[in-house]
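Trainee: I would like to learn how the labels on a model like this one are decided. Could we go through them together?

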Amino acid sequence: NRELWRSVEAGDLQPDDVRHRRFERFITELDLDADAHAMADAFVWGLGQFGELYPGARGVLESLAGQATLAMVTNGLSEVQRARIDRLALGELFHTVIISSEVGVTKPRPQIFDLAFAALGEPERSTALMIGDSLTSDIAGGFAYGIDTCWYNPHGHARGDGVTHEISHLAELEPILVDGPEA
């Protein structure tokens, strides 16, 4: 699964390719008599129905939604992401939601950021901050696009390139946005 998602980030696969390929490989590797499409459908349904936000995320999003223009840019499957957005009532907090499988381009490519900026009315890049937990898609994409980045790193991994800000708790995010940058 991780290898396939790395291929998505590299531009070799689209998110929808991952949906079935992970189970085709799984079935082949274990020599199972199973239906990859049925497994994929059940898995995707489950992903949409379960899982919660990071601790503190709702409060931070609600606070920021009143102070900033928020966009969600995700490299997920539309079916999963739309189910999660609906189930967790996140849609009202974002001015736009860009899902890679719906638009045919993935982070870290600049085209997905072009779509987000267009949907937001072309704000100045100096006013934007890409917040994410992936160095290879979120941070690399934001950095390459020329916007500041904030890496959510709750596990204390080694810092990578392109990180403008680093936080380990989401409560650390609001002061960065409200009070201004402190590298």
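Trainee: What makes F43 partly exposed, rather than buried or exposed?

Mentor: This is a predicted model, and in it F43 has a relative accessible area of 34%. Buried means under 20% and exposed means over 50%, so F43, at 34%, falls in between and counts as partly exposed.

Trainee: And how do you know whether F23 is buried or exposed?

Mentor: F23 has a relative accessible area of 12%. The limit for buried is under 20%, so F23 is buried.

Trainee: How many aromatic pairs does the structure hold?

Mentor: There are five aromatic pairs, and F23 with F43 is one of them.

Trainee: Why is the pair of F23 and F43 called edge-to-face?

Mentor: Ring centres must lie within 6.5 Å to pair, and here they are 5.3 Å apart.

Trainee: Why are F113 and Y145 called stacked?

Mentor: Their centres are 5.4 Å apart, with 25° between the planes. Planes under 30 degrees apart count as stacked, so this pair qualifies. F113 lies in helix 7 (residues 110–119) and Y145 in helix 8 (residues 135–145), so parts 32 residues apart in sequence are tied together. Both F113 and Y145 are buried, and together with F117 they form one aromatic cluster.

Trainee: What lies over the face of Y145?

Mentor: R125 does, at 3.6 Å from the ring centre. The distance limit for a charge over a ring is within 6 Å, so 3.6 Å meets that part of the test.

Trainee: How do you know that the buried residues of helix 8 are on the same side?

Mentor: Those residues are S137, D138, I139, G141, G142 and Y145. They cover an arc of only 165° around the axis, which puts them on the same side of helix 8. The face turned away from that buried side carries the exposed residues F143 and A144.

Trainee: Which residues make the nonpolar surface patch?

Mentor: F26, L30 and L32 make it, and its area is about 270 Å². F26 lies in helix 2 and has 39% relative accessibility. A patch residue needs over 30%, so F26 passes that cut-off while counting as partly exposed.

Notes
Residues are numbered from 1 along each chain as its sequence is written. This is a predicted model: local features need pLDDT of at least 70, side-chain atom pairs count only at pLDDT 80 or more; totals for chains, interfaces and linings use all residues. Side-chain values use heavy atoms; hydrogens and water are left out. Rings of Phe, Tyr and Trp (its six-membered ring) pair if their centres lie within 6.5 Å; planes under 30 degrees apart count as stacked, over 60 as edge-to-face and the rest as tilted. Buried means under 20% relative accessible area, exposed over 50%, partly exposed in between (1.4 Å probe, protein chains only). Helices (H or I, at least four residues) and strands (E, at least two) are DSSP runs, numbered from the N terminus. A charge sits over a ring if NZ of Lys or CZ of Arg is within 6 Å of the ring centre and within 35 degrees of the ring normal. Patches are made of residues with over 30% relative accessible area and no salt bridge: like charges are joined within 9 Å, nonpolar side chains (Val, Leu, Ile, Met, Phe, Trp, Tyr) within 5 Å. Accessible areas come from the Shrake-Rupley method with a 1.4 Å probe; for residues, only the protein chains shown count as cover. A salt bridge is a side-chain nitrogen of Lys or Arg within 4 Å of a carboxyl oxygen of Asp or Glu. The arc is that of the directions from the helix axis to the C-beta atoms.
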